[in-house]
Amino acid sequence: GHIPKMLDFYSQFNPSPLSIKQFIDFGLSACERKSFTFLRKELPVRLANIMQEIHLLPEHLLRMPSVGIVNNLYITSFEEIIHFEKSEINDTTLDKFCQALIKIRNRHADVVEVMAKGIIELKESHDVDAHMENNIQYFLDRFFMSRVSIRMLINQHTLLFGGVLNGHSRHVGCIDPSCDVISVIKDAYENARFLCDQYYLASPELVVKSHNDLECGNEIRIVYVPSHLYHILFELFKNSMRAVMEYYGDSDTYPPVEVTIVRGKEDICVKMSDRGGGIPRSYMDQLFKYMYSTAPQPSKSDAHTVPLAGYGYGLPLSRLYARYLHGDLVLLSCEGYGTDAVIYLKALSNEANELLPIFNKTSTKFYRTPLATADWSSSCGGGMATRQLNMG
Ligand SMILES: N#Cc1c[nH]c2ncccc12
């Protein structure tokens with residue numbers, strides 16, 4: 001019906017990125033009416049921006065059953081939100097809005113897995129060329145980043161105004177204004193270690209070092225979303241522990257995983273170093289590729305033996321969480337020795353702005369532009385030059 005027109009209308013607006021500082025200041029003044037007025041516009045804008053990109057996907061992917069399911073979820077949620085476009089602001093409307101947000105959050109809970117299934121359906125039914133793989137990588141990074149940002153807005157509103165009091169906790173919604181980085185590291189380590197012990201009957205120790213270059217000797221605290229930081233660390237610990245245990249298979253002692261936290265003027269870095277044998281450069285790129293990370297799901301029967309890592313989108317999603325507030329996740333590996341994974345976070349909350357995909361001519365053109373022709377020689381086939389050299 002009128003959905004396509006509404007999508008065109010709302011996708012003309014650019015999403016409005018909020019900084020962590022704005023989330024905090026807004027949460028402390030906690031005005032539900034202001035939040036409602038902002039969200040009933042901003043949520044449809046963010047939904048419409050990414051929904052328009054879904055329609056630009058390669059035809060084959062767009063036709064996959066699971067992608068159709070995700071598209072319909074977004075249409076349903078978009079309709080439910082624009083229903084509040086011209087509502088009179090009163091307690092009943094505010095309450096109904098909160099309920100609608102919770103319903104939407106639940107509806108979209110499994111979207112990552114459903115999209116992964118869509119990629120598997122595509123791989124099983126079509127040949128995927130480099131151009132298509134490039135489009136899928138570009139789209140899924142933007143699609144999952146958009147989803148992180150929409151869930152952040154929904155979580156803030158429902159936590160602040162959903163009626164559940166947060167006692168004397170200082171958290172502002174899902175943000176901890178004074179997040180103790182080391183305790184999140186220890187939490188993630190203990191939980192990853194539990195899985196490692198279950199699977200390998202042993203696990204590497206943790207060594208933590210910290211260096212506060214700004215306030216020497218002080219604890220390193222950050223205004224951040226603990227659940228995002230935990231998600232990244234848990235993924236990295238699982239991968240590091242798995243690498244160490246596989247590399248030192250028959251040994252009974254293992255090199256520890258070392259984590260160094262540094263507070264600089266601009267950045268807070270968390271470096272996780274393992275001596276798990278490292279990753280060859282040729283394979284490094286695949287770790288962040290959705291097409292390569294989608295392996296056929298382990299059958300339910302051997303689900304209890306699901307490996308620590310390998311299946312799913314753990315690394316690409318962890319990098320999106322780090323980038324969401326203008327940080328990053330970088331892997332530096334030396335094959336034959338080990339891997340360093342560095343999480344970069346913004347030290348200042350006013351610099352920790354949301355990073356949001358924008359649907360515009362640039363993103364549209366990306367989907368329609370063929371891969372650039374190589375401008376550096378790469379093939380090592382028996383070209384004339386090689387033959388001349390061989391004639392040497
Ligand atoms: N993330 C991550 C990793 C951290 N160490 C690793 N070793 C082999 C493969 C992946 C990893």
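The legends below describe close-up views of a predicted model.

View 1. The residues around the ligand are Leu 236, Asn 239, Ser 240, Ala 243, Asp 274, Ile 279, Leu 315, Leu 331 and Thr 339. The protein covers 88% of the 290 Å² of accessible area that the ligand has on its own. By class, the shell consists of five nonpolar residues, three polar and one charged.

**View 2. Polar side chains at the ligand nitrogen atoms.** Asp 274 places a polar side-chain atom 2.7 Å from a nitrogen atom of the ligand. For Asn 239, a polar side-chain atom lies 3.1 Å from a nitrogen atom of the ligand.

**View 3. The two faces of strand β6.** In a regular strand the side chains alternate between the two faces of the sheet. Strand β6 covers residues 328-334, and its side chains alternate. Leu 329, Leu 331 and Ser 333 point to one face and are buried.

**View 4. Pairing of β6 with β7.** Strand β7 spans residues 338-346 and runs antiparallel to β6, with seven bridges joining the two. Asp 328 stands opposite Tyr 344 in β7.

**View 5. Turn of the β6 and β7 hairpin.** Three residues lie between the strands of this hairpin. Gly 336 takes a positive phi near 100 degrees there.

Key:
Residues numbered from 1 in each chain as written. Predicted model: local features only at pLDDT ≥ 70, side-chain atom pairs only at ≥ 80, totals over all residues. Heavy atoms only, no water. Buried < 20%, exposed > 50% of the residue type's maximum accessible area, 1.4 Å probe, protein only. Helix = DSSP H or I, 4+ residues; strand = E, 2+ residues; numbered from the N terminus. Pairing = 2+ DSSP bridges. Near = heavy atom within 4 Å. Polar contact = N/O pair within 3.5 Å; in protein donor to acceptor, adjacent residues only side chain to side chain. Areas by Shrake-Rupley, 256 points an atom, 1.4 Å probe, with all protein chains shown as cover. Nonpolar A, V, L, I, M, F, W, Y, C, P; charged D, E, K, R; others polar.
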